[in-house]
Amino acid sequence: MDFVQRTIDLARQNVTEGGRPFATVIAKDGAVLAESANQVAQTSDPTAHAEILAIRAACTRLGTEHLTGTTIYVLAHPCPMCLGSLYYCSPDEVVFLTTRESYEPHYVDDRKYFELGTFYAEFAKEYGERRLPMRYEPREAAVAVYAYWQERNGGERRVAGAPAAGHANREPGPGAG
Ligand SMILES: [Zn+2]
């Protein structure tokens, strides 16, 4: 299976059907685990990017939120939302087939608070300097929700680079099993 060609074909087919020119194929062990084209035009859901939909399908299929052992093919270098979702699911590799600079002359997706050319720069700013109006309303009771979670789930914090150690992965305690 040529995953690159599959990604291009999916996106091209989506354009034929009135959709937007983006697609994602998630490959594992030489086969397609999940795939999707962008569905924003078809569903009016602005988060229905190909990456998001394919990641959801792959994680549902495997019953895990971790896509280690997969390679994710995307038609275009991911937007900040999708880049975030790619970090969250931990694939072995992400392969992109076009850069923003190469597709921007042929595609428009300007929004109230960003243009394709400024989107990454917006994320790097302090929240008060972003075009998206954001307001910080500090509440002790809101922090207390996290203390409550810690009470129920333990206080272990992961250090960057350490292996995942969620409570679901813990060794059974003495007497278990
Ligand atoms: Zn995206």
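How many bridges join strand E1 to E2, and do they run parallel or antiparallel? Six bridges join E1 (residues 23-28) to E2, and the two run antiparallel.

**View 1. The whole predicted model.** This is a predicted model: local features need pLDDT of at least 70, side-chain atom pairs count only at pLDDT 80 or more, and totals for chains, interfaces and linings use all residues. Residues are numbered from 1 along each chain as its sequence is written. The protein has seven helices and four strands. Helices (H or I, at least four residues) and strands (E, at least two) are DSSP runs, numbered from the N terminus. In sequence order the pattern reads α-β-β-α-α-β-α-β-α-α-α. The C-alpha trace spans about 60 × 45 × 30 Å along its principal axes. The radius of gyration is 20 Å, whereas a compact globule of 177 residues would have one near 16 Å. That radius is taken over C-alpha atoms, and the globule rule is 2.2 Å times the number of residues to the power 0.38. Of the 177 residues, 20% count as buried. Buried means 20 or more other C-beta atoms within 10 Å of a residue's own, exposed means 12 or fewer, and partly exposed lies in between, with C-beta atoms placed from the backbone. Among contacts with a separation of 6 or more, 42% come from residues 24 or more positions apart. A contact needs C-beta atoms, placed from the backbone, within 7 Å.

**View 2. The open sheet.** Four strands take the order E2-E1-E3-E4, with mixed pairing. Strands E2 (31-37) and E4 (93-98) stand at the edges with a single partner strand each, so one side of each has no neighbour in the sheet. The twist averages 15 degrees from one strand to the next. Two strands pair if DSSP finds at least two bridges between them. In a regular strand the side chains alternate between the two faces of the sheet.

View 3. Five of the six residues of E1 are buried. On the E2 side, alanine 27 stands opposite valine 32. Lysine 28 has alanine 31 in E2 as its bridge partner. The E1-E2 hairpin has two residues between the strands, and aspartate 29 takes a positive phi near 50 degrees there. Five bridges join E1 to E3, and these strands also run antiparallel. Valine 25 stands opposite tyrosine 73 in E3. E2 has five of its seven residues buried, so the rest of the structure largely encloses it.

**View 4. Helix H1 on the sheet.** H1 (residues 3-16) packs on the sheet and touches E1, E2, strand E3 (70-76) and E4. Its direction makes about 150 degrees with that of E1. Axes are lines fitted to C-alpha atoms, for helices over the stretch in contact, and angles run from 0 to 180 degrees between N-to-C directions. The 14 residues of H1 reach 20 Å from first C-alpha to last, close to the expected 20 Å. The expected span is 1.5 Å times one less than the number of residues.

View 5. Which residues of H1 are buried? They are Thr7, Leu10, Ala11 and Asn14. These residues cover an arc of only 90 degrees around the axis, which puts them on the same side of H1. The arc is that of the directions from the helix axis to the C-beta atoms. The buried residues pack against E1, E2, E3 and E4. The face turned away from the buried side carries the exposed residues Gln5, Gln13 and Thr16. Glycine 18 follows H1, with a positive phi near 90 degrees.

**View 6. Leucine 53 in helix H3.** Leucine 53 lies in H3 (residues 50-62). Leucine 53 is buried, with 22 other C-beta atoms within 10 Å. Leaving out residues up to four places away in sequence, leucine 53 touches Ser36, Gln39 and Ala48. The C-alpha atoms of leucine 53 and methionine 1 are separated by 21 Å, and the two residues are 52 residues apart along the chain.

Terms used
Contact = placed C-beta atoms within 7 Å.
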